[in-house]
Amino acid sequence: MRRTRIKICGITRAEDADAAVEAGADALGLVFYPPSPRAVDVGQAVDAVSNVPAFVSVTALFVNPTVEEVQRVLDSVRIDLIQFHGDEDDDFCRQFKRPYIKALRVRQASDVVASCLRFPGALAILLDSYKPGVPGGTGETFDWSLIPETPPKPIILAGGLEPENVASAITQIRPFAVDISGGVEASKGIKDHCKIEEFVNEVYRVDQHYREASD
């Protein structure tokens, strides 16, 4: 029985990255999308992940960037994985020679399968809530029943997750990973370290339940 991976997104400060690593997060997300209240520039990003150890992945999130914008970040910041949230196609995403995941805002069940087929190079598909004009980070859940039982790519579940509902999400979907940002914040861009720990512990608790049930 595999465990559910955990990504804490919207990291803007080194102390929040440290707290997420200490709690047991598998990945951290840096938002390079200026309209977001969680956006960081290159200097902030370097500072935020300066103490992140090996085996914790640092993810760079972009929304319809230019090639130059992505390359500037890759040349300056330790980035292990790229997350694309806009209208980028597979060829654009592949060109940076980094593993990538593609975000999809879910409106109907066919969206999930169609997106997976459009992005053969993606290591996973991140599913988020659809809200017109907003590329992600809405803080709202979507209808999880729209996710196929056997999707063609590993699924990272995002959108409105919090310590109080992540157990239901994992029980219903059994995603490869869960991704949280606003659900563990004290204010936009500032993480609540107790909430991070609570969220990670709840994921661990549910996974342990499944392991014991399968024994």
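The legends below describe close-up views of a predicted model. Local features are reported at pLDDT of at least 70 and side-chain atom pairs at pLDDT 80 or more, whereas totals for chains, interfaces and linings use all residues. Residues are numbered from 1 along each chain as its sequence is written, and side-chain values use heavy atoms, with hydrogens and water left out.

**View A. Strand β8 and its two parallel neighbours**. Strand β8 covers residues 177–180; strands (E, at least two residues) and helices (H or I, at least four) are DSSP runs numbered from the N terminus. Ala177 and Asp179 point one way from β8, Val178 and Ile180 the other way, and all are buried (under 20% relative accessible area with a 1.4 Å probe, protein chains only; exposed is over 50%, partly exposed in between). Strand β1 (residues 5–8) pairs with β8 in the parallel sense over four bridges, where pairing requires at least two DSSP bridges between the strands. Isoleucine 8 stands opposite isoleucine 180 of β8.

**View B. The crossover from β7 to β8**. Strand β7 (residues 155–157) also runs parallel to β8, with two bridges. Leucine 157 has valine 178 as its bridge partner in β8. Between β7 and β8 the chain passes through helix α6 (residues 166–173), giving a right-handed β-α-β crossover; with the strands pointing away from the viewer, the path from the first strand over the helix to the second runs clockwise.

**View C. A cluster of aromatic rings**. The whole structure holds six aromatic pairs, counted for rings of Phe, Tyr and Trp (its six-membered ring) with centres within 6.5 Å; planes under 30 degrees apart are stacked, over 60 edge-to-face and the rest tilted. Phenylalanine 92 and phenylalanine 96 make an edge-to-face pair, at 5.4 Å centre to centre and 75 degrees between the planes. Both phenylalanine 92 and phenylalanine 96 are buried. Ring pairs join Phe32, Phe62, Phe84, Phe92, Phe96 and Tyr100 into a cluster.

**View D. Arginine 174 over tyrosine 210**. The charged end of arginine 174 lies over the ring of tyrosine 210, 4.2 Å from the ring centre. The criterion is NZ of Lys or CZ of Arg within 6 Å of the ring centre and within 35 degrees of the ring normal.

View E. The model has zero disulfides, defined as cysteine sulfur atoms within 2.5 Å of each other.
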